[in-house]
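Hi there,

Here is the structure I promised to pass on to you. Have a look at it first, and then read on for my notes.

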Amino acid sequence: MGMSVTAQNQHAHHDSIKNLEEVTVKNAAKKKIETEMKMAVSVDEFLSSSENISFIKRGAYAWEPLLNNMSTERSTVTIDGMHVFGACTDKMDPITSYVESNNLAAIDIKSGQEGSLHGSTIAGSIDLKRKSTPFGLQKKWNGTYQTGFEFNNKQFFNLGNISYSGTKFVADGSISYRTADNYHDGNNNEVKHSQYNKFNTSLGFAYKTSDLSSLRLDAIFDVAKDVGYPALPMDLWLSRALITSASYKQLFEEGLVRVVDTKVYFNAIEHYMDDTTRPENLVHMDMPGWSTTYGLVSKANLKRNNYSSEIQLNAYDNLSIAEMRMYPQDRSERTMFAYSWPWVTTRFAGLSMNNSWELSERSTVNLGGSFGVNYNYSKYIEFNWIFHPGAPQEKTRFLPSLNASYQLNIDQFNFSVGTGYGHRAPSVSEGYGYYIYNSFDRYDYIGDPNLKNEISYEGNASAGFANERLSIQGKINYFYIDNYIIGKILSLGSPMNYQSVGVKGYTSLDYATLLNMSANVSYDILKHLHWKGTLTYARGMDNKGGNLPFIRPLSYLTSLHYMYKNFGIQTSVNGDFEQINYSPEYGEDLTAAYAIWNISADYSFAINKVRSTIQIGAENVLNEYYSTYADWGNIPRMGRNIFTSLKLNF
Amino acid sequence: MKSFNFWIIALLFAVTSCTIDKTDYEAETGSEVPESYEFKEAASFINGNYKITIDALNGIFYKGYNELHLKIVNTQNNQELTSSAVTFLPILSNADGSKSSCPHEYNLAYDLTNKYYIGYSVFTGESSTTASWKLYISFTADNQKYEINKDISVAQQPNKNLNMTAFAGNDGEQYVIALISPQKPTVSENPLVAGVYKYNKPTTPAGTFPDPTQFSYTEVVGYTLKLDPRMPEPSMGNHSSPNNKDLTQGNDGLYHGVVNYTMTGNWTLNLIMMNQNGLIVKGTVVPTDHTPGVEGVKSELYIDTLF
């Protein structure tokens with residue numbers, strides 16, 4: 001990944017200012033937001049096509065991305081480098097749920113400490129890159145419109161984009177609306193509370209302030225309403241996000257420093273759960289949450305001869321608030337109130353650096369590091385004192401990180417080895433959460449402000465071979481994580497949520513280990529017939545040799561893609577083997593193996609100057625009834641789903 | 001540019017307004033608890049040249065524990081009497097003519113710093129048509145004993161965190177437990193203070209009314225109150241809290257412990273009273289099971305609170 005950044009710099013340099021914004025687009029072109037099977041996908045569907053991403057699914061909407069089989073606390077998820085934090089204590093709103101595929105250009109995934117550029121991490125980073133049109137395109141106005149219908153859950157979506165590219169001024173706009181009913185599982189039974197409605201719009205303006213500088217304003221506004229979470233005891237009434245930024249970019253034609261890009265940002269998220277749709281619930285509860293973040297991200301790219309470097313300064317201030325109010329059965333009685341996030345402030349400032357030296361045509365050395373300061377403040381610390389008497393109201397942590405890697409290319413072979421070391425601070429829930437109900441293992445979770453930093457020691461390696469027709473790539477990484485934070489049953493306290501069976505406190509294991517492996521093969525059988533196969537395996541263990549939860553069993557994906565003129569057809573089979581290494585301690589049970597067959601066909605044509613593509617396909621063609629290891633509460637996945645979509649470019 | 005301005009204005013509007021307002025936590029915790037406690041005159045008496053005033057919280061005698069401040073002023077020269085021997089005895093008269101008292105401080109000591117005589121009374125019932133309270137006060141001045149009495153009114157305790165309970169122990173004695181603090185609990189660790197009193201059964205026949213030996217209460221010494229706070233609300237399923245501390249007697253004679261309230265609402269302080277020898281005087285162990293939908297079982301000895 002460090003390499004592609006270097007390439008960008010050179011590009012910017014050669015083309016000078018004319019294509020100031022094109023640099024990102026060039027990169028984006030390699031990673032269109034579509035999968036092999038489907039051209040109109042949601043952000044979640046797109047992410048799931050990456051082999052080191054898996055998902056915890058609580059329904060049809062807002063899947064929680066796991067990077068290297070680690071939950072979102074262990075990765076940094078950013079939008080153009082901006083930190084955004086969800087406002088739901090039950091993780092109903094990962095950051096990926098606040099963007100839409102038509103305002104993204106690419107998703108940049110970095111594994112392990114390589115991802116420390118955006119802030120301290122263990123698992124790596126996921127950066128959602130927004131679309132930005134370059135200055136001075138020959139065609140001033142560009143637009144895209146996508147629409148589609150999916151039969152299983154009657155999902156109907158309309159996505160529109162428009163952009164203007166002048167020599168001095170650029171504007172991007174997008175708007176989208178998705179609506180879906182309940183989906184049906186492989187037994188054709190309706191999965192209740194799995195509907196969703198999402199509206200998303202974004203605007204961006206850039207103005208060229210001089211030959212070598214530009215100013216850019218961006219905003220995303222996202223509203224989700226009436227979203228069902230079949231795996232949870234509650235649904236979503238409304239979530240709303242406003243994500244704004246202003247950035248200034250300066251290029252330099254000479255010298256060591258090539259680009260400096262500085263951005264200030266603000267985002268506000270509100271999230272209101274709703275249980276009035278679940279009359280079976282014994283207790284009516286209000287659970288609103290708010291998350292507000294201000295931040296600064298400033299990035300400089302340096303280059304001299306065979307040395308290039310990226311330096312990034314990250315600073316943000318986040319306030320997370322979550323309330324719960326339980327209503328007694330006799331509504332005239334006093335309601336019961338508590339904070340599940342007692343006004344927790346997180347401030348972070350960190351400086352990160354990635355350096356790269358091309359030792360020769362064949363080999364490159366990367367050395368990176370970061371140092372961050374993380375500060376937490378719990379306004380209503382008395383909530384935390386109930387379980388942890390005398391815990392400090394304020395806590396400052398130092399988060400260092402280091403990584404090194406070496407890449408070698410010999411003819412058709414490529415090799416890399418790398419290592420990393422990094423700290424992370426506990427998340428708001430892990431540090432300060434208060435009776436957060438986890439419907440997976442059915443425990444109420446309590447945070448501990450005194451948790452130690454998680455410390456990761458990481459090693460990774462890859463080897464590959466590629467010729468004109470065949471490409472083989474194998475990757476492996478291993479994490480040894482000290483003070484691994486996980487919930488352990490507490491002997492004190494009693495459940496607050498009526499569905500709960502006990503209280504768990506976030507505690508540090510001495511250590512845990514995680515191994516991820518993947519193998520990719522692609523082969524061009526004929527000129528227009530391509531085959532691809534992926535195999536992944538992961539194993540996570542705690543310090544006593546027990547299994548960690550949500551670790552993907554051996555899984556595979558194999559696909560065939562055939563193109564003839566304007567016609568394309570593709571089919572794939574993917575599945576997991578039986579999840580042998582499950583963790584009953586964390587609410588997991590044995591998940592059976594499954595295999596899913598998908599097929600789709602598309603046709604491209606032009607009407608006047610409008611380039612159009614139409615696609616029709618089916619997922620889970622055989623209507624298999626299944627649920628995966630990461631389906632919250634074993635809710636069944638979608639059965640056969642026929643999808644159609646139309647895309648127009650003008 | 002017009003659309004740009006519009007967008008900015010729309011943005012500002014969206015930023016500054018939340019769809020649902022955040023809870024005002026300070027107001028939330030105070031909503032069920034009467035506010036602003038200060039000592040005001042609750043009763044005054046005139047006897048000859050002397051005026052006696054008794055101050056209580058809010059100027060009202062409530063059922064439960066009342067701290068009392070008493071002043072005696074010579075109305076002739078406006079001098080306060082500071083070295084008098086003051087006695088205080090509350091008497092409850094029932095419709096059938098029977099008379100009883102309640103835990104109280106009989107001999108009031110003068111507090112030099114605050115310049116009043118300090119005492120307390122734990123009124124065990126509210127005034128009604130069938131039950132009336134009367135205060136019997138005596139003091140000495142100019143080597144002369146003054147005795148006065150006056151009807152007072154005892155009001156319902158509006159603050160459930162100052163509730164009390166009166167009961168007969170397994171040892172056949174009459175006890176009273178009254179909550180004194182916290183008056184305004186929060187979702188946190190709350191230091192819990194209670195007074196524990198025992199009726200001293202008279203050993204001598206009654207003299208002239210009011211004979212203090214017939215109406216004597218003392219603070220119980222060296223007992224332990226085992227504490228198990230729970231939320232009685234059925235939907236809370238017998239919810240409890242961790243890290244509570246049993247109440248034991250402090251140097252001030254009162255009983256001190258810790259109660260953790262995990263959320264606002266109705267709570268029951270389930271108690272087991274044990275004497276110096278660890279024998280249970282009153283109270284039963286409550287089930288600890290999580291029983292959603294079922295109202296929590298209370299100990300034989302309990303006090304309800306609400307905040």
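This is a predicted model: local features need pLDDT of at least 70, side-chain atom pairs count only at pLDDT 80 or more; totals for chains, interfaces and linings use all residues.

**Where chain A meets chain B**

Let me start with the contact between the two chains. Chain A puts 40 residues into it, and chain B puts in 36. On the chain A side, the elements that supply two or more residues are the strands β10 (196–210), β11 (213–227), β12 (235–251), β13 (257–274), β15 (288–304), β16 (307–327) and β17 (336–358), together with the helix α4 (381–385). Which of them gives the most to this side? That is β12(A), with 4 residues. If you sort the chain A side by residue class, you get 29 nonpolar, 5 polar and 6 charged residues.

**The two domains of chain B**

Chain B is assigned two domains: domain 1 covers 39–155 and domain 2 covers 160–306. Their C-alpha centres are 26 Å apart. The contact between them involves 11 residues of domain 1 and 14 residues of domain 2. On the domain 1 side, the elements giving two or more residues are β4 (64–74) and β6 (86–94) of chain B. That side of domain 1 is made up of 7 nonpolar and 4 polar residues, with no charged ones.

**The largest nonpolar core**

The largest nonpolar core has 167 residues, and the members touching the most others are B:Ala178 and B:Ala194. Both domains of chain B take part, as domain 1 (39–155) and domain 2 (160–306) each provide at least three residues to this core. What does B:Ala178 touch, if residues up to four places away in sequence are not counted? Its contacts are B:Gly64, B:Tyr65, B:Val122, B:Met164, B:Ala194 and B:Gly195.

**A lysine in chain A**

Is A:Lys225 buried or partly exposed? It counts as partly exposed, because it has 16 C-beta neighbours inside 10 Å, and the partly exposed class lies between the limits of 20 or more for buried and 12 or fewer for exposed. Apart from neighbours within four places in sequence, A:Lys225 contacts A:Asn197 and A:Leu238.

Key: Residues are numbered from 1 along each chain as its sequence is written. Chains are lettered from A and ligands numbered from 1 in the order in which they are written. Domain bounds come from an automatic or database domain assignment. Two residues are in contact if their C-beta atoms, placed from the backbone, lie within 7 Å. Ala, Val, Leu, Ile, Met, Phe, Trp, Tyr, Cys and Pro count as nonpolar, Asp, Glu, Lys and Arg as charged, and the others, Gly among them, as polar. A nonpolar core is a set of buried Ala, Val, Leu, Ile, Met, Phe, Trp, Tyr and Cys residues joined through C-beta atoms within 7 Å.
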